[in-house]
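Student: Hi! Could you walk me through this protein model? I'm new to this, so please go slowly.

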Amino acid sequence: MPAVISEIQKNSIAEELGFEKGDKIISINQEKPQDMIDYRYMMCAEEIEIEIEKSSGEIEIYEIEKDFDEDLGVVFESAVFDRIKPCTNHCIFCFVDQQPEGLRKSLYIKDDDYRLSYLQGTYVTLTNLTQKDRERIEQLHLGPLYVSVHTTNPDLRVKMLNNPKAANIMDDLKWLKKADIPIHAQIVLCPGYNDRKELERTLHDFVQFKSIIQSIAIVPVGITRFHKNNLKTLTKENALHVIKQVENFNKEVKKHLAMASDEFFVKADYPIPDKKYYGNFAQIEDGVGALRLLIDDFEKNRKKLPKSINTKKEITFATTDCAKHVMQDIIEELNKIGNLKCNLVNLKNNFFGENVTVAGLITGNDLINQLKGKDIENLVIPSIMLRPFSEDFLDNVTVSDVKKALGCNIYIIKDIYSSKEFTDIIKST
């Protein structure tokens, strides 16, 4: 598919030339870009010829002279302009396979595309790379990549990914090391499979790749009520064991390289580490360090909270088990503000099941069914409950639907790691 423009930036070349949303870039200097990687390299030229297909179907050609580092000023619908490389694995823990029918189509897409890993930080297993892919990664030095390793035991990785090519993980890591391609490694921990001795083995094997591994994230397997592989849930004992293994490994390599995700510390009822543990928070999108960022940010902004507000207000914050304890501390501080009463509602995931405790998987119906009749005036939810750039929950219920069903105002925290928005909401309600 061509490069479809979704947004035109103000005061840009594209705006000056009259580009519009929905226009398609067919070629640049008579070459078709496959993805944003190609586009960025092509745009380095100072003289370019762009072939555009307008939304009307007309083809127009523009000849442009620009500075070397000057961009067109467009945003594309997708970072990949041809077909996304699909996942060829059938992982025992695959969350996509643990979903019911009837959700929006995008939730069933299983990608394993090295380009999206480089451009957007999505995780890849490296099992579907062609020789051409490898040559391109080497030639353009595309890194860091985010690699789902899970285990370095070839037989176990084949079993977990249900793909014979998964056995090549050590060779893949050696290739990346030789090519000097940096990576962030991920381990989805499945109790009874790749934990304890197997995790020890994997971490030990990682030592030889210290030169390219920038971080290691260990996250617990997510198990919905629709799963069929009899996976075990994370226990407090499991969580504590992983935390200790990570601590010991980091002492061995003398750096904060491996990190357990927030869920391990919540499950083990263990203190959240300080920010040094998380380095540059490279795997924050995987739930590694989000609570520490929120704790530190609230502490930094606490002095900026008003001592009182003009009229009495009541605000309800929706959270889940994963952030409950941190949010309780924040709520206690907010309740010191005069004329303000803050409540905390701990939501259960009835849609995916009680084992799913992250806010990003709460549905609109979960909110409606658990909050209806609670006489809520103002409800605050995190943006991760919604599809990016939309007001749609996972079950296609919208924010407007929830607002109508509950009869309350709804405020969305866009930056879930920032407490500044709490202050803004308090002042705006």
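**A pair within one helix**

Tutor: Happy to! Let's start in helix α8 (residues 236-253), where K244 and E247 are three residues apart, which means they are separated by about one helical turn. Keep in mind that this is a predicted model.

Student: Okay, and what do the side chains of K244 and E247 meet in?

Tutor: They meet in a salt bridge, with an N to O distance of 3.8 Å. In general, side chains of opposite charge can pair when their charged atoms come close.

Student: Is K244 buried, exposed or partly exposed? And what about E247?

Tutor: K244 counts as partly exposed because its relative accessibility is 36%. E247 is also partly exposed, with a relative accessible area of 25%.

Student: How many salt bridges turn up in the whole structure?

Tutor: A search of the whole structure gives 20 salt bridges.

Student: How accessible are D321 and K348?

Tutor: D321 has 22% relative accessibility, so it counts as partly exposed. K348, at 39%, counts as partly exposed too.

Student: And which residue does R387 form a salt bridge with?

Tutor: Its partner is D392, and the closest N and O atoms are 2.8 Å apart. R387 counts as partly exposed, at 32% relative accessibility.

Student: Switching topic: what about charges on the surface?

Tutor: There is a patch of negative charge on the surface, where E46, E47, E63, E65, D67, D69, E70 and D71 gather.

Student: Where is D71?

Tutor: D71 is in the loop between β4 (59-65) and β5 (74-76). With a relative accessible area of 35%, D71 is partly exposed.

Student: Now the rings! How many aromatic pairs does a search of the whole structure find?

Tutor: The search finds eleven aromatic pairs. One of them is Y39 with F76: the ring centres are 5.0 Å apart and the planes are at 80°, so this pair is edge-to-face.

Student: Why does 80° make it edge-to-face?

Tutor: Because planes over 60 degrees apart count as edge-to-face, and the planes of Y39 and F76 are at 80°.

Student: Are Y39 and F76 buried or exposed?

Tutor: Both Y39 and F76 are buried. Another pair is Y123 with Y146, which is edge-to-face because the ring centres are 5.8 Å apart and the planes are at 85°. Here Y123 is in strand β6 (residues 123-124) and Y146 is in strand β7 (residues 145-148), so to speak two distant parts of the chain that the pair links, 23 residues apart.

Student: Is Y123 buried or partly exposed? And Y146?

Tutor: Y123 counts as partly exposed, at 21% relative accessibility. Y146 is buried, with a relative accessible area of 15%.

Student: Which residues form one aromatic cluster?

Tutor: The members are F265, Y270, Y277, Y278 and F281.

Student: Last topic: what about the backbone?

Tutor: Most residues other than glycine have a negative phi, and most peptide bonds are trans. The peptide bond from G143 to P144, however, is cis, with omega near 5°. P144 is in the loop between α4 (131-140) and β7.

Student: What is phi of D180 near?

Tutor: Phi of D180 is near 60°, which is positive, and D180 is not a glycine. D180 lies in the loop between α6 (169-178) and β8 (183-189), and it counts as partly exposed at 46% relative accessibility.

Student: And D269, what is its phi?

Tutor: D269 has a positive phi of about 55°, although it isn't a glycine. D269 is in the loop between α9 (262-268) and α10 (290-301), and it is exposed, with a relative accessible area of 58%.

Methods:
Residues are numbered from 1 along each chain as its sequence is written. This is a predicted model: local features need pLDDT of at least 70, side-chain atom pairs count only at pLDDT 80 or more; totals for chains, interfaces and linings use all residues. Side-chain values use heavy atoms; hydrogens and water are left out. Patches are made of residues with over 30% relative accessible area and no salt bridge: like charges are joined within 9 Å, nonpolar side chains (Val, Leu, Ile, Met, Phe, Trp, Tyr) within 5 Å. Accessible areas come from the Shrake-Rupley method with a 1.4 Å probe; for residues, only the protein chains shown count as cover. A salt bridge is a side-chain nitrogen of Lys or Arg within 4 Å of a carboxyl oxygen of Asp or Glu. Lys and Arg count as positive and Asp and Glu as negative; His and the chain ends are not counted. The place of a charge is taken as NZ of Lys, CZ of Arg, CG of Asp or CD of Glu. Helices (H or I, at least four residues) and strands (E, at least two) are DSSP runs, numbered from the N terminus. Buried means under 20% relative accessible area, exposed over 50%, partly exposed in between (1.4 Å probe, protein chains only). Rings of Phe, Tyr and Trp (its six-membered ring) pair if their centres lie within 6.5 Å; planes under 30 degrees apart count as stacked, over 60 as edge-to-face and the rest as tilted.
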